Amino acid sequence: MRPFDESPFLVIWEVTRACELACIHCRAEAQPKPDPRQLSTEEGFRLLDHIREFGHPTVVFTGGDPLLRPDVFDLIAYGVKQGLKISMTPSATRNVTREAIRKAKEAGLSRWAFSLDGSNAAIHDAFRGVEGSFDSTLAAINWLHELGLPLQINTTVSRYNLHDLGRLALLVTRLNAVLWSVFFLVPTGRGKPEDMITPEQHEKVFDWLYDLSKTAPYDIKTTAAPHYRRVVLQRRTAEGEPVPDQKWLGISHGKEGADGIGRPRYGVNDGNGLVFISHLGDVYPSGFLPVKAGNVRSQSLPKIYRESPIFQQLRNPDLYRGKCGVCPFRYVCGGSRARAFAVTGDYLASEPCCTYRPPNFYKKFNHLVRQPPV
């Protein structure tokens, strides 16, 4: 049995699609007002009951903007009472007040995440589509520190801020974040293929993140970039460090745990250790992979996760196609299934932003592809 066949490590619930920002890369293509069809409070309680059946996965309330649900603090408190660790990713708008942060902490929230996509207002606000978003984020972070809630910073890497990552890393340090979650853009929702960085730029950023991880006072996590794990293992091997069996997929740099959330022992990928529930209750392998596997209004979430053919395929790297299917790192990495789907229409296809050339792929298909240079 594979590590995540029965239970995911991470459950992400899009509690609403409503948001007052207009981010150019928004996965959800968020709207100004809540959808009247979104899961009700009682349906939310029932969903949290089903999540608890998995054990103790980490739960993220996302959106849209979770603070545009009047019952969000009741939902947090209910989930915490069920023994779940809950974090939240609100938008930095007028809805983020000191009082809102206080209520979230009293409800039992484990961690609060804000997005910063630039080290200054010009870059960040252009990304977010609303002037003043950068300053609002910094002000709200001060309240988080005053009230003692751990801070996570999320950044989406694109061609618009690639040049700014070094300054962003310094800002994350100054803001006393416990975790920098670095997302690599998947062209879905409002995100466009031309917004992505190139495969070669991905590789350079991975090497830079690995070097940064050795000195940064915060932990570093990548999202939609499982090939970062391959780079970490390659670098550790080159440096003479003992590397565990590649099916032990944990990639961490020893700074996690400051917020009690923890990190997975095995690598999480779309549908493999990860499940996403939309505001309507639709179940997907991730928020970036819009292939519907069921709906929690009519089916049990654990049943969908465990038995859906889509999820079962995604948890079997031996089914992957192209070079990902024969790559020696397919268990430690597997490539972003969401990006493969967004670019090719096939969630089992090769990761389109990976430069690694598996030797066995070229041996098997040497009559079809040019051999890599020696």
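Which residues point one way from β6, and which the other way? L179, S181 and F183 point one way, W180, V182 and F184 point the other way, and all are buried. Buried means under 20% relative accessible area, exposed means over 50%, and partly exposed lies in between (1.4 Å probe, protein chains only). Strand β6 is mostly covered, with six of its six residues buried.

The model is predicted: local features need pLDDT of at least 70, side-chain atom pairs count only at pLDDT 80 or more, and totals for chains, interfaces and linings use all residues. Residues are numbered from 1 along each chain as its sequence is written, and side-chain values use heavy atoms, with hydrogens and water left out.

Helices and strands are DSSP runs, numbered from the N terminus; helices (H or I) have at least four residues and strands (E) at least two. Two strands pair if DSSP finds at least two bridges between them. Ten strands form an open sheet with mixed pairing. Their order is β7-β6-β5-β4-β3-β2-β1-β8-β9-β10. The edge strands are β7 and β10 (294-295), each of which pairs on one side only.

Strand β6 (residues 179-184) and β7 run parallel and are joined by five bridges. W180 stands opposite I220 in β7, and V182 stands opposite T222 in β7. From β6 the chain crosses through α7 to β7, in a right-handed β-α-β crossover. A crossover is right-handed if, with the strands pointing away from the viewer, the path from the first strand over the helix to the second runs clockwise.

Strand β5 (residues 151-157) also pairs with β6, in the parallel sense, over six bridges. I153 has W180 as its bridge partner in β6. The crossover from β5 to β6 passes through helix α6 (residues 165-174), and this β-α-β crossover is right-handed.

Strand β2 is mostly covered: five of its five residues are buried. T58, V60 and T62 point one way from β2, while V59 and F61 point the other way. Five bridges link β1 and β2 in the parallel sense. I12 has V60 as its bridge partner in β2. Four bridges link β2 and strand β3 (residues 85-88), again in the parallel sense. Here F61 has M88 as its bridge partner in β3. A right-handed β-α-β unit is made by β2, helix α2 (residues 72-81) and β3.

What do the nonpolar cores contain? A nonpolar core is a set of buried Ala, Val, Leu, Ile, Met, Phe, Trp, Tyr and Cys residues joined through side-chain atoms within 4.5 Å. The largest has 89 residues. F61, W112 and W180 have the most contacts inside it. Another core lies apart from the largest one and has seven residues, among them L233, C327, F329 and C333.

The cysteines were examined next. A disulfide is a pair of cysteine sulfur atoms within 2.5 Å. A search of the whole structure finds zero disulfides. C333 is in no disulfide, and the nearest cysteine sulfur, that of C354, is 6.0 Å away. C333 is buried because its relative accessible area is 12%. C19 has 8% relative accessibility, so C19 counts as buried.

Two further sites have higher accessibility values. P217 is found in the loop between α7 (199-213) and β7 (219-223). P217 counts as exposed because its relative accessibility is 56%. P217 and V172 are 45 residues apart along the chain, and their C-alpha atoms are separated by 9.2 Å. G322 has its place in helix α11 (residues 322-326). G322 is partly exposed because its relative accessible area is 39%. G322 and S350 are 28 residues apart along the chain, with their C-alpha atoms separated by 5.4 Å.
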